[in-house]
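Student: I have a model open and would like to learn how to read it. Where do we begin?

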Amino acid sequence: MKKEIFAATLAMGLVTAPMAFADTAKGEALFNDKGAAKCPVCHAFGKKVVGPDLNGVGKLHTKPWIVKWLTDTQGTWTANDPETADLKKRQNKETKPKPAHMTPKLTEAQAGDIADFLMTK
Ligand code: HEC
């Protein structure tokens, strides 16, 4: 019995691990694609560019928040959930009405892949 559970867990791990890796790699490629997502124009890991340093961003945000931010920045800004309120505070933008963020239209799936990548940071 124990052996079977172990085998099943192992099999599941073998199936899910490469899938998770694929999403992260896709997200990283999208992030760095200067023609498409344009993230590196404003973001780097380890230093501030136009936007905040994204090192440690996986600890500041949840995946759903990142997907929402990338697909509906103004909506996220207006809804002002605790993660957004914290971002405004850190960016010292509490009194400014609009986010500086402009990302090209990303599909939910693309935003999800980028979020998977950022959650590893
Ligand atoms: C034109 C510059 C610009 C581009 C392009 C851009 N960002 Fe940003 N980003 C910002 C700024 C500035 C902020 C801080 C919020 C604000 O001022 O609107 C931010 C905030 C963020 C945050 C929240 C960071 C935190 O500390 O909480 C994440 C995550 C993020 N951006 C991801 C991305 C990703 C992924 C892309 C590419 C799809 C991208 N950004 C493209 C400028 C940019």
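Tutor: Begin with the order of elements. Along the sequence the pattern is α-α-α-α-α-α-α. The secondary structure comes to 7 helices and 0 strands. Keep in mind that this is a predicted model.

Student: What share of the chain counts as buried?

Tutor: Of the 121 residues, 17% count as buried.

Student: And how much of the contact comes from residues 24 or more positions apart?

Tutor: Take the contacts with a separation of 6 or more. Residues 24 or more positions apart account for 67% of them. Here is one pair to look at. Ala 25 and Phe 117 are 92 residues apart in sequence, yet 7.1 Å apart in space, C-alpha to C-alpha.

Student: Where does Ala 25 lie, in terms of helices?

Tutor: Ala 25 lies in helix α1, residues 2–32. Ala 25 counts as partly exposed, because it has 13 C-beta neighbours inside 10 Å.

Student: How do I describe two packed helices?

Tutor: Two packed helices are described by the angle between their axes and the distance between the axes. Now the case here. α4 and α7 pack at an angle of about 130°, with axes 9 Å apart. The two helices are therefore oblique to each other. The crossing of α4 past α7 is right-handed.

Student: Which residues make the contact between α4 and α7?

Tutor: From α4 come Lys 63, Ile 66, Val 67, Leu 70 and Thr 71. From α7 come Glu 108, Ala 111, Gly 112, Ile 114, Ala 115 and Leu 118. By class, this contact of α4 with α7 has 7 nonpolar, 2 polar and 2 charged residues.

Student: Which residues of α4 are buried?

Tutor: Ile 66, Val 67, Lys 68, Trp 69 and Leu 70. Note that a lysine, Lys 68, is among them. The buried residues of α4 pack against α5 (73–79) and α7.

Student: Is α6 largely buried or largely in the open?

Tutor: Of the 10 residues of α6, the number buried is 1, so α6 lies largely in the open.

Student: What should I look for in backbone torsions?

Tutor: Most residues other than glycine have a negative phi. Asn 80 has a positive phi of about 50°, although it is not a glycine. Asn 92 also has a positive value, near 55°.

Student: Where do Asn 80 and Asn 92 sit?

Tutor: Asn 80 is in the loop between α5 and α6. Asn 92 follows α6, in the loop between α6 and α7.

Student: Why does Asn 80 count as exposed? And why is Asn 92 exposed?

Tutor: Count C-beta neighbours again. Asn 80 counts as exposed because it has 12 inside 10 Å. Asn 92 is exposed because 8 other C-beta atoms lie within 10 Å.

Student: Next, the ligand. How many residues surround the ligand, and which are the closest?

Tutor: 26 residues surround it; the closest are Ala 37, Cys 39, Cys 42, Gly 51 and Pro 99. The elements that give two or more residues to this shell are α2 (39–42), α3 (57–60), α4 (63–71), α6 (82–91) and α7 (108–118).

Student: What is the make-up of the shell by class?

Tutor: The shell around the ligand has 18 nonpolar, 6 polar and 2 charged residues. Notice how the topics join up. α4 and α7 pack together, and both also give residues to the ligand shell.

Key
Residues numbered from 1 in each chain as written. Predicted model: local features only at pLDDT ≥ 70, side-chain atom pairs only at ≥ 80, totals over all residues. Near = placed C-beta within 6 Å. Helix = DSSP H or I, 4+ residues; strand = E, 2+ residues; numbered from the N terminus. Nonpolar A, V, L, I, M, F, W, Y, C, P; charged D, E, K, R; others polar. Axes fitted to C-alpha atoms, helices over the stretch in contact; angles between N-to-C directions. Parallel < 35°, antiparallel > 145°, perpendicular 65-115°, else oblique. Left-handed = near helix turned anticlockwise from the far one by under 90°. Contact = placed C-beta atoms within 7 Å. Buried ≥ 20, exposed ≤ 12 C-beta atoms within 10 Å, placed from the backbone.
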